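Welcome! Please take a moment to look over the sequence and the 3D view, and then let us walk through them together.

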Amino acid sequence: KVQGYLPSKFYIINNEDKEIEFKYKDYEEEFTKILNDIREIVKGNRYPSPTQGSVKWPWESYALKLCLKTKDVSLITGLGESKKNKLKEIGIRSLSQLANVNINKKVNGFTKESLKRLKLEANCILKKKHKFIAKVNLPKHKIELFLDFESSTALNIEEFVGNIDYLIGVLKRENKKEVYIPFIANSLEDEEKMLHNFLDFLVEQKDFVIYHYGGYEITRFKELFSKYDTDKDLQNLVFKNMIDILKLVKKSVVLPVYSYSLKKVAPYLKFNWRLKDVDAGESIALYMEYIKSNDKKILNKILTYNEDDVIATRVVKDFLSK
């Protein structure tokens, strides 16, 4: 608009330094829609969803600030744009309005049960209190292992391009005693060694369960097992003992949080990470520094961040147990 020129083509250079050409006309409709959405936000007619994941993007913090100001329904995690629009069609824009909705009234796009759940979530956020909706059944085992991966996708360093899992962090609890056990790839070539060190450790455990938060850990194990020659019995030993705490949280309790990510749930339960300057993205940057310098101070920061991740998982599991 400023230059009075609309390019017919544009280009992206990817992380392999390849230049890829795109035609504007192929994306014009989608681009125009996004631009119109942004104009509606600027006018105050709608608010973007504050996804609030593990990485604090500036856009997300801005969106959260807008939504908190008016207690917009966007604060409810997982409520998509189409669902929000259907609520607005019947005059529901705020949490207060949703908290008082008549669930017996037919609302287009919602079942009675889904509307009941949304009403409960709105009430929990407004009252800043959680509410259990189902009994939690957790198995009894002698050893509890709380596990978290640190990984990088599309790493590009020292002629290495691809994915690497560089840390499997484990918090082991037995007889009320806890110990943090990290399995680290000390170089780009050590990923397989790290995996087998972890599996050797697992074989030594008797009567154990592996707790993790979300589906990421299962995905990482599947990729590693397909990447490296691993005995099927060892694979089964991992998968049959894994329990996803996030799934249990969503089934059993409604929390007054704007996201069910570990970084939002654990602080509600009074747990906070020790390092304020490290998140998942920064951990990757630190690892890239570490494999170049072998600086143990850098490694300690990576391990401290990961240890807090597994302790946070334990905190959520204990909350469900109680």
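Is Lys176 buried or exposed? At 82% relative accessibility, Lys176 counts as exposed; here buried stands for under 20% relative accessible area, exposed for over 50%, and partly exposed for what lies in between, using a 1.4 Å probe and protein chains only. Before going on, please keep in mind that this is a predicted model, in which local features need pLDDT of at least 70 and side-chain atom pairs count only at pLDDT 80 or more, while totals for chains, interfaces and linings use all residues. Residues are numbered from 1 along each chain as its sequence is written, and side-chain values use heavy atoms, with hydrogens and water left out.

Let us stay with Lys176 for a moment. You will find Lys176 in the loop between β5 (160-174) and β6 (177-184). The phi of Lys176 is near 70°, a positive value in a residue other than glycine. Most residues other than glycine have a negative phi. Lys142 is 34 residues away from Lys176 along the chain, and the C-alpha atoms of the two are separated by 9.9 Å.

Lys128 also has a positive phi, of about 60°, although it is not a glycine. Look for Lys128 in the loop between α5 (112-127) and β3. Lys128 is exposed, with a relative accessible area of 65%.

Now step back to the whole chain. The protein chain has 12 helices and nine strands, and its C-alpha atoms fill a box of roughly 60 × 55 × 35 Å along the principal axes. Of its 322 residues, 43% are buried. The accessible surface comes to about 18,900 Å², and carbon and sulfur atoms account for 52% of that surface; such areas come from the Shrake-Rupley method with a 1.4 Å probe, and for residues only the protein chains shown count as cover. Among contacts with a separation of 6 or more, 62% are between residues 24 or more positions apart, where contact means heavy atoms within 4.5 Å.

On the α7 side, Ile218, Phe221, Lys222 and Phe225 make the contact, and on the α8 side Gln235, Val238 and Phe239 do. By class, these are five nonpolar residues, one polar and one charged. Ala, Val, Leu, Ile, Met, Phe, Trp, Tyr, Cys and Pro count as nonpolar, Asp, Glu, Lys and Arg as charged, and the others, Gly among them, as polar.

Helix α8 also meets α6 (residues 191-204), where the axes come within 11 Å and cross at roughly 70°. The helices α6 and α8 are therefore roughly perpendicular to each other. Phe198, Leu199, Leu202 and Val203 of α6 make this contact with Leu234, Leu237 and Val238 of α8. This time the residues divide into seven nonpolar, no polar and no charged.

Which side chains does Lys263 reach by polar contacts? Lys263 has its place in helix α10 (residues 262-268). Its side chain makes a polar contact of 3.2 Å with that of Tyr305, and another of 3.1 Å with the side chain of Asp309. A polar contact is a pair of N or O atoms within 3.5 Å; within protein, one must be able to donate a hydrogen and the other to accept it, and residues adjacent in sequence count only if both atoms are side-chain atoms.

Val136, in the loop between β3 (131-132) and β4 (143-157), is buried with a relative accessible area of 18%. Leaving aside neighbours within four places in sequence, Val136 is in contact with Ser252 and Leu320. Leu299 lies in helix α12 (residues 296-321) and counts as buried at 8% relative accessibility. With neighbours within four places again left aside, Leu299 is in contact with Ile184 and Tyr290.

Note on methods: Helix = DSSP H or I, 4+ residues; strand = E, 2+ residues; numbered from the N terminus. Axes fitted to C-alpha atoms, helices over the stretch in contact; angles between N-to-C directions. Parallel < 35°, antiparallel > 145°, perpendicular 65-115°, else oblique.
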